[in-house]
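Open the model in your viewer and keep the selection tool at hand. We will go stop by stop.

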Amino acid sequence: MSSFLAGGLFCALVGNVLLVVCLATDHWMQYRVSGSLAHQGLWRYCVATKCYLQTDSIGVIAGSLAFARFSIFEKFNRTFAAGIMFFISTFLLLLSMAIYTGVTLSFLGRRFGDWRFAWSYILGWVAMLLTFFAGIFYMCAYRMSECRRLTGPR
C-alpha cells in the first residue's frame with residue numbers, strides 16, 4: 001500500500017469518525033435563555049436540563065441514504081472513484097456548514113446577544129478538511145498507480 005493511500009485512508013477514517021460525532025451530538029451552539037445555559041444541535045436542543053427533539057431534521061437522513069451507492073463509478077478505478085466521492089462529500093459538507101453558519105448568524109445573532117458556536121460545530125469543519133485531504137491523497141495514489149502501470153515493470 002502506498003503512503004498516499006495510507007494517508008487517504010487515515011484522513012477518511014478520522015474525518016468520518018469526527019463527522020459522525022459532530023452529527024450525533026447536540027453541542028453545535030450554546031446560548032443563554034432566561035439566565036440558564038442552553039445548547040442546541042441538529043436533532044435536539046436543551047434548556048437547562050430539559051431536552052426537546054427537533055423533528056424537522058429527520059428527513060435529512062432519508063435524503064442522504066438515497067445517494068448511498070452510486071453505480072456510475074463501477075467502471076472507474078476504485079481509488080479514483082473514492083477520491084471523486086471524497087471531493088463531492090467535501091463540497092456538500094462545505095455547503096451545509098456554510099448554510100448553517102449563515103442561518104445561525106442571521107437568526108441567532110439578532111435573537112440572542114450571548115451565544116457562540118460550540119465544539120460539535122468545530123468538529124464539523126475539521127471533518128470537512130480531513131475529507132478534502134482524503135480526496136487529495138486518494139487522487140495522488142491513483143496518479144502514482146497510473147504512472148507505475150504506464151511505465152511497466154523494470
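Is R44 buried, partly exposed or exposed? R44 is partly exposed, because its relative accessible area is 38%. Keep in mind that this is a predicted model.

**Stop 1: a charged pair**

Now look at where each one sits. D26 lies in the loop between α1 (3-24) and β1, while R44 belongs to strand β3. The pair links distant parts of the chain, 18 residues apart. D26 is buried, at 9% relative accessibility. The count for the structure comes to one salt bridge. In general, side chains of opposite charge can pair when their charged atoms come close.

**Stop 2: the sheet**

Switch to a cartoon view. Five strands form an open sheet here. Read the order across as β4-β3-β2-β1-β5, with antiparallel pairing. Which strands stand at the edges? They are β4 and β5 (115-117). Each has a single partner strand, so one side of each is left without a neighbour in the sheet. Neighbouring strands are turned by 20 degrees against each other on average, direction ignored.

**Stop 3**

Select residues 36-40, strand β2, and residues 44-47, strand β3. They pair in the antiparallel sense over three bridges. Pick H39 next; its bridge partner in β3 is C46.

Move on to residues 50-53, which are strand β4.

**Stop 4: the disulfide**

C46 stands opposite C51 in β4. What joins these two residues? They form a disulfide, with sulfur atoms 2.0 Å apart. The angle about the S-S bond is 105 degrees, and the link is right-handed. A search of the whole structure finds one disulfide.

C46 is buried, with a relative accessible area of 1%. C51 is partly exposed at 32%.

Two further cysteines are worth a click. C22 counts as buried, at 1% relative accessibility. C140 is partly exposed, with a relative accessible area of 28%.

**Stop 5: the far edge and a helix**

Go across the sheet to β1 and β5. They run antiparallel and are joined by three bridges. Select Y31, then find W115 opposite it in β5. Now bring helix α3 (residues 78-111) into view. α3 packs on the sheet and touches β1 and β5. The direction of α3 makes about 175 degrees with that of β5.

**Stop 6: V33**

Finish on V33, in strand β1 (residues 29-33). Which residues does V33 touch, leaving out those up to four places away in sequence? The contacts are A38 and F112. V33 is partly exposed, with a relative accessible area of 24%. Last, draw a distance from V33 to D114. The two residues are 81 places apart along the chain, yet their C-alpha atoms are separated by 9.1 Å.

Key:
Residues are numbered from 1 along each chain as its sequence is written. This is a predicted model: local features need pLDDT of at least 70, side-chain atom pairs count only at pLDDT 80 or more; totals for chains, interfaces and linings use all residues. Side-chain values use heavy atoms; hydrogens and water are left out. Two strands pair if DSSP finds at least two bridges between them. Helices (H or I, at least four residues) and strands (E, at least two) are DSSP runs, numbered from the N terminus. Buried means under 20% relative accessible area, exposed over 50%, partly exposed in between (1.4 Å probe, protein chains only). Contact means heavy atoms within 4.5 Å. A disulfide is a pair of cysteine sulfur atoms within 2.5 Å. Axes are lines fitted to C-alpha atoms, for helices over the stretch in contact, and angles run from 0 to 180 degrees between N-to-C directions. A salt bridge is a side-chain nitrogen of Lys or Arg within 4 Å of a carboxyl oxygen of Asp or Glu.
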